[in-house]
Amino acid sequence: MKVINQLKMEFLSLPENVAFARVAVAAFASQLDFTLNDLEEIKVAVSEAVANAIVHGYENSPTGIIRVFVTLRETGVEIKVEDGGKGIADVKKALEPAYSTDPERMGLGFVFMQSFMDRLHVDSGPSRGTRVTMVKNINRGAAAASQGGH
């Protein structure tokens, strides 16, 4: 699959960077034929991944580094969100709906990522950080229909 464009960004684990990341990634992904609904879903998935890195990976410490890599291809977008935080001991359990290590949170971040993206992969382990890879494919029929078939 031919790479059309790439973006790499890195920022501190500050809560205000969740909104920055979601808008930056959606704006970059808009170079492809995504529908507005697709772009909204990408925003939510990115928000959840970055928020997880801040809240769980770095335990709200503002000095952690979050890296986001976005690759645009003819077929869609691949987004990787990485942190060097504490990692996830049991990824399979973390992917279960309503599971959270924080009683104040609903544990739906990975559920949203899974439902809004076509593919989700989480690579993590204790003390080695977490990499969340998400893929959103372009639905050619929906994109054409939303543009009046042009």
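Predicted model: local features only at pLDDT ≥ 70, side-chain atom pairs only at ≥ 80, totals over all residues.
Q: What does E82 form a salt bridge with?
A: E82 pairs with R131 in a salt bridge, and the closest N and O atoms of the two are 2.8 Å apart. A salt bridge here is a side-chain nitrogen of Lys or Arg within 4 Å of a carboxyl oxygen of Asp or Glu.

Q: How many salt bridges does the structure hold?
A: The structure holds eight salt bridges. Another one joins the side chains of R67 and E10, with 3.1 Å from N to O. R67 lies in strand β2 and E10 in strand β1 (residues 3-12), so that pair ties together parts 57 residues apart in sequence. R67 counts as partly exposed, at 32% relative accessibility.

Q: Which helix do K43 and E40 lie in?
A: Both K43 and E40 lie in helix α2, three residues apart, which is about one turn of the helix. Their side chains meet in a salt bridge of 3.2 Å, N to O, and E40 is partly exposed, with a relative accessible area of 39%.

Q: New topic, K136. What is it linked to by salt bridges?
A: K136 belongs to a network of salt bridges with D38 and E41. The side chains of K136 and E41 are also joined by a polar contact of 2.5 Å, and a polar atom of the K136 side chain lies 2.7 Å from the backbone oxygen of F116. A polar contact is a pair of N or O atoms within 3.5 Å; within protein, one must be able to donate a hydrogen and the other to accept it, and residues adjacent in sequence count only if both atoms are side-chain atoms.

Q: So is K136 buried or exposed?
A: K136 counts as buried, at 6% relative accessibility, and it is found in strand β5. Not counting residues up to four places away in sequence, K136 touches several residues, including F34, I42, T75 and M117. Contact means heavy atoms within 4.5 Å.

Q: What about T130, where is that found?
A: T130 is found in strand β5 too, which covers residues 130-137, and T130 counts as buried at 10% relative accessibility. Its side chain makes a polar contact of 2.7 Å with the side chain of S124. Leaving aside neighbours within four places in sequence, the residues in contact with T130 include V81, E82 and I88.

Q: And S127, what is its phi?
A: S127 has a positive phi of about 65°, although S127 is not a glycine. S127 lies in the loop between β4 (119-124) and β5, and it is exposed, with a relative accessible area of 71%.

Q: Where is E59 found?
A: E59 is in the loop between α2 (36-57) and β2 (65-73). Its phi is near 50°, again a positive value in a residue other than glycine, and E59 is exposed at 53% relative accessible area.

Q: Last one, which residues of helix α4 are buried?
A: In α4 (residues 109-116), the buried residues are G109, F110 and M113. Seen down the axis of α4, they fall within an arc of 95°, so they line one face of the helix; the arc is that of the directions from the helix axis to the C-beta atoms. These buried residues pack against α2, α3 (91-94), β4 and β5.

Conventions: Residues numbered from 1 in each chain as written. Heavy atoms only, no water. Helix = DSSP H or I, 4+ residues; strand = E, 2+ residues; numbered from the N terminus. Buried < 20%, exposed > 50% of the residue type's maximum accessible area, 1.4 Å probe, protein only.
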